[in-house]
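Hi everyone, thanks for making the time. I'd like to walk you through one model today, so let me put it on the screen.

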Amino acid sequence: MLRANKIVRIILTALQLMCIAGAYILDDLSRKKVGVNHHVVYRKKQYMETVLKPEHMMVYGIILGILLAGVAVYLIRHRRRDYLMALLPLILLTFVIGLLLVLPAAIAMPAYVYILFLAVVVWGLEVIKAYIKLRQVRAQ
């Protein structure tokens, strides 16, 4: 069981790295290729007018904070001493996502919407990895 958990965590880490690499490649292509740039700018405009309105950003930040607090309480309650090593990546990712939500320089990037969505996916994968690590510690 420990070996399977380790393999799953490695696969999830690889998925996280692929998401980060994909966001970087998309941002790079949006600066070099006109078709990619047009698509990215169109989608950004579409999402900024619907899902990512400035009025909704505060709500998203509060939801993200509540989710982080819930995960933190769960990990602290069940992991006892080793909870900090599982919480640190989650806190850093939450901080990065929070900055992506509010920084004007991040919002000005053409691939902002895709980078934000991929950051949320990476955060979700990190929560899954923390839960797997929790189950591994509790099984011992």
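I'll start with the overall layout, then go through a few side chains and their partners.

A quick word on the ground rules: this is a predicted model, where local features need pLDDT of at least 70, side-chain atom pairs count only at pLDDT 80 or more, and totals for chains, interfaces and linings use all residues. Residues are numbered from 1 along each chain as its sequence is written, and side-chain values use heavy atoms, with hydrogens and water left out.

So, the layout. The chain has 6 helices and 0 strands, and from the N terminus the elements read α-α-α-α-α-α. Helices here are DSSP runs of H or I with at least four residues, strands are runs of E with at least two, and both are numbered from the N terminus. Of the 140 residues, 30% count as buried; buried means under 20% relative accessible area, exposed over 50%, and partly exposed in between, with a 1.4 Å probe and protein chains only. Among contacts with a separation of 6 or more, 71% come from residues 24 or more positions apart, a contact being heavy atoms within 4.5 Å.

Now to Gln16, in helix 1, which covers residues 2–32. What does the side chain of Gln16 reach at 3.0 Å? That would be the backbone oxygen of Val122. There is also a polar contact of 3.1 Å between the side chains of Gln16 and Glu126. For polar contacts, the rule is a pair of N or O atoms within 3.5 Å; within protein, one must be able to donate a hydrogen and the other to accept it, and residues adjacent in sequence count only if both atoms are side-chain atoms. Leaving aside residues up to four places away in sequence, Gln16 touches Val122, Leu125, Glu126 and Lys129. Gln16 is buried, because its relative accessible area is 6%.

Glu126 and Lys129 come back as a salt bridge, with the closest N and O atoms 3.5 Å apart. A salt bridge here is a side-chain nitrogen of Lys or Arg within 4 Å of a carboxyl oxygen of Asp or Glu. In general, side chains of opposite charge can pair when their charged atoms come close. Lys129 and Glu126 are 3 residues apart in helix 6, so about one helical turn separates them. Both Lys129 and Glu126 are buried.

The count comes to 3 salt bridges. Asp27 forms one with Arg31, at 3.0 Å between the closest N and O atoms. Asp27 counts as buried at 13% relative accessibility, whereas Arg31 counts as exposed at 54%. Lys32 forms a salt bridge with Asp28, at 3.3 Å; Lys32 is exposed at 58%, and Asp28 is partly exposed at 28%.

On to the rings. How many aromatic pairs does a search of the whole structure find? It finds 1. Tyr47 and Phe117 form an edge-to-face pair, 5.3 Å centre to centre with 85 degrees between the planes. Rings of Phe, Tyr and Trp (its six-membered ring) pair if their centres lie within 6.5 Å; planes under 30 degrees apart count as stacked, over 60 as edge-to-face and the rest as tilted. Tyr47 lies in helix 2 (residues 34–49) and Phe117 in helix 6 (residues 112–139), so the pair ties together parts 70 residues apart in sequence.

That's my tour; happy to take questions.
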